[in-house]
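I opened a new page for this structure and wrote down what I looked up.

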Amino acid sequence: QLQLVESGGGLVQPGGSLRLSCAASGFTAEYYAIGWFRQAPGKEREGVSCISTSGSVTNYADSVKGRFTIARDNAKNTVYLQMNSLKPEDTAVYYCAARSTYYCGTAYSAEYLYDAWGQGTQVTVSS
């Protein structure tokens, strides 16, 4: 059974940093592309980033390019999202999701393409 668990969320001041983790169990994550999504209050869930199975190809939403970095450690079955220069508009519940494909492609934000989802972790950026 594919299971994903996010961690690392919390309250941070504007300009601060957080690192989210997505731990996979019940399957070998290295065979899955992993995406990060977020949902702010009153808004639809949106794709933030995605990483290929090898980690060699990454995708980012324009709103986070240059500030967020996605990485993976297949030996630990874990994917990370390093978030720097955080802004209040980054406040959301962040989810990771697994997709049975090598590369994310330009459609990485299409939720229906993903096979498993985590429960989410809250990130709040506020002074």
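**Entry 1: the link of C22 and C96**

I began with the torsion about the S-S bond of C22 and C96, which is 75° and makes this link right-handed. The model is a predicted one, and I read every value with that in mind. C22 sits in strand β3 and C96 in strand β9, so I noted that the pair links distant parts of the chain, 74 residues apart. The sulfur atoms of C22 and C96 are 2.1 Å apart, and the two residues form a disulfide.

Are C22 and C96 buried or exposed? C22 has 2% relative accessibility and counts as buried. C96 comes out at 0%, and C96 is buried too. The cut-off I needed here is that buried means under 20% relative accessible area.

**Entry 2: the link of C50 and C104**

How many disulfides does the structure hold? I found two. Next I looked up C50 and C104, which form a disulfide with their sulfur atoms 2.0 Å apart. The torsion about this S-S bond is about -80°, so the disulfide of C50 and C104 is left-handed.

I then counted the bonded cysteines along the chain and wrote the pattern as 1-3, 2-4.

**Entry 3: S21**

I moved to S21, which is found in strand β3 (residues 18-25). Why does S21 count as buried? Its relative accessible area is 15%, and the cut-off for buried is under 20%. Setting aside residues up to four places away in sequence, I listed what S21 touches: V5, E6, S7, W36, T78, V79 and Y80.

**Entry 4: two residues with positive phi**

I looked up backbone angles next. Most residues other than glycine have a negative phi. N77 has a phi near 55°, a positive value in a residue other than glycine. I located N77 in the loop between β7 (68-73) and β8 (78-83). With 17% relative accessibility, N77 counts as buried.

S85 has a positive phi as well, near 50°, and is a residue other than glycine. The place of S85 is the loop between β8 and β9 (92-99). Is S85 buried or partly exposed? S85 is partly exposed, with a relative accessible area of 41%.

**Entry 5: G9**

I found G9 in the loop between β1 (3-7) and β2 (10-12). G9 is partly exposed, at 32% relative accessibility. Which residues is G9 in contact with, leaving aside neighbours within four places in sequence? I wrote down L18, L20, T121, Q122 and V123. I also looked up the C-alpha distance from G9 to R19: the two residues are ten apart along the chain, and their C-alpha atoms are separated by 7.6 Å.

**Entry 6: the whole chain**

I left the chain totals for last. How many helices and strands does the protein chain have? There are zero helices and eleven strands, so my sketch of the elements from the N terminus on reads β-β-β-β-β-β-β-β-β-β-β.

For overall size, I noted that the C-alpha trace spans about 40 × 25 × 25 Å along its principal axes. The radius of gyration is 13 Å, which agrees with the value near 14 Å that a compact globule of 127 residues would have.

Of the 127 residues, 47% are buried. I also looked at contacts between residues at least 6 apart in sequence, and 61% of these join residues at least 24 apart. The chain exposes about 6300 Å², with carbon and sulfur atoms supplying 46% of that area.

I noted 10 positive and 10 negative side chains. The centres of the two sets lie 4 Å apart.

Notes
Residues numbered from 1 in each chain as written. Predicted model: local features only at pLDDT ≥ 70, side-chain atom pairs only at ≥ 80, totals over all residues. Heavy atoms only, no water. Helix = DSSP H or I, 4+ residues; strand = E, 2+ residues; numbered from the N terminus. Buried < 20%, exposed > 50% of the residue type's maximum accessible area, 1.4 Å probe, protein only. Contact = heavy atoms within 4.5 Å. Rg over C-alpha atoms; globule rule 2.2 N^0.38 Å. Areas by Shrake-Rupley, 256 points an atom, 1.4 Å probe, with all protein chains shown as cover. Lys, Arg positive; Asp, Glu negative; His and termini not counted. Charge placed at Lys NZ, Arg CZ, Asp CG, Glu CD. Disulfide = S-S within 2.5 Å.
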